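Please open the model in your viewer and keep the selection panel at hand.

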Amino acid sequence: MEMRRLLISDSLAPACAQILRSAGIEVTESPGLSPEDLRSCIPDYDGLIVRSATKVTSDVLTAGTRLKVVGRAGTGVDNVDVDAATKNGIIVMNTPTGNSISAAELTCGLLLSLSRQIPQAASSMKQGRWDRKKYMGSELHGKTLGILGLGRIGKEVAIRMQSFQMKTIGYDPIIPPEVTAEFGVQQFPLEEIWRQCDYITVHTPLLPSTTGLIDDAAFSKCRRGVQVINCARGGIIDEAALLRALESGQCGGAGLDVFTEEPPRDRALIDHPLVISLPHLGASTHEAQNRCGEEIALQIVDLVKERALVGAVSIWGCPEPPFT
């Protein structure tokens, strides 16, 4: 595969461009391009690397007449029209392992923060208050954590939270129960998950089958006061249903790193006192950014040199990554 020129349209670790240039590829780094500017310049490039800010739409892919590869330096590819790429013969690849540890650690941090209301208590201290009685928390010890999506991130969350003596159960339609049993997660059908959990965390891609996975019907079957965490993709938890569950007391708290609209204009969830909200920080560690940038560059170099094809989600004509 000939790869003369490649565009990086989001901010990435310097190692990404260095690896590509060392392989003889001309690299242009232009983070923050408008959709119009991206469509205008993409015909000049054989490859494109993005994170989550750039939206690789059907229009961009059609305009990229030389485009052979779109690399996503991260796990999800919902900002890339994978179906359109497949139809245009463009390979889409991601880095499925690059940010797993960072996302798992953030999930665990939100679990702890929810159980002890850490951000709220810290904020009250900065406001000069001493609200010991107001912020009565709960132990994670002995509680049940439901993990929806038992791929790399879900597995890492389970292993870490087991050290708090939490019972970890879960659901994944792809990974066999005997595999998840090896890392301490017993699988159940979703209908049996809801009623068992004190906490639920989601680690699936955003697909038609996972959009609104936790909705009004799911909340109605949960234990009263269940707490939920989403460090995956906005929309997996139905935001309107979550707000209703919080207001009724059916949901006792939520930790949200992702939203359907980013940044969100509707602040109803962000401003809710039982919600801990973050600005999509799951992969925002130095280690994850370096790892993702290096991995996507090495994957493209391996493809160009015909050594290997790693992380491809569109080459076989499958527009959806697996539920892992």
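**A tour of the salt bridges**

The count comes to 15 salt bridges, a salt bridge being a side-chain nitrogen of Lys or Arg within 4 Å of a carboxyl oxygen of Asp or Glu. This is a predicted model, in which local features need pLDDT of at least 70 and side-chain atom pairs count only at pLDDT 80 or more, while totals for chains, interfaces and linings use all residues. Residues are numbered from 1 along each chain as its sequence is written, and side-chain values use heavy atoms, with hydrogens and water left out.

Select Asp46 and Arg66, whose side chains meet in a salt bridge at 3.0 Å, N to O. Asp46 lies in the loop between helix 2 (35-41) and strand 3 (47-50), and Arg66 in the loop between helix 3 (58-63) and strand 4 (69-72), so the pair ties together parts that are 20 residues apart in sequence. Helices (H or I, at least four residues) and strands (E, at least two) are DSSP runs, numbered from the N terminus. Asp46 is buried at 3% relative accessibility, whereas Arg66 is partly exposed at 25%; buried means under 20% relative accessible area, exposed over 50%, and partly exposed in between (1.4 Å probe, protein chains only).

Next, select Asp198 and Arg223, which form a salt bridge with the closest N and O atoms 3.0 Å apart. Asp198 sits in the loop between helix 9 (190-193) and strand 9 (199-202), and Arg223 in the loop between helix 10 (216-221) and strand 10 (226-230), 25 residues apart.

Finally, select Asp302 and Arg307, joined by a salt bridge at 2.9 Å, N to O; Asp302 is partly exposed at 22%, while Arg307 is exposed at 55%.
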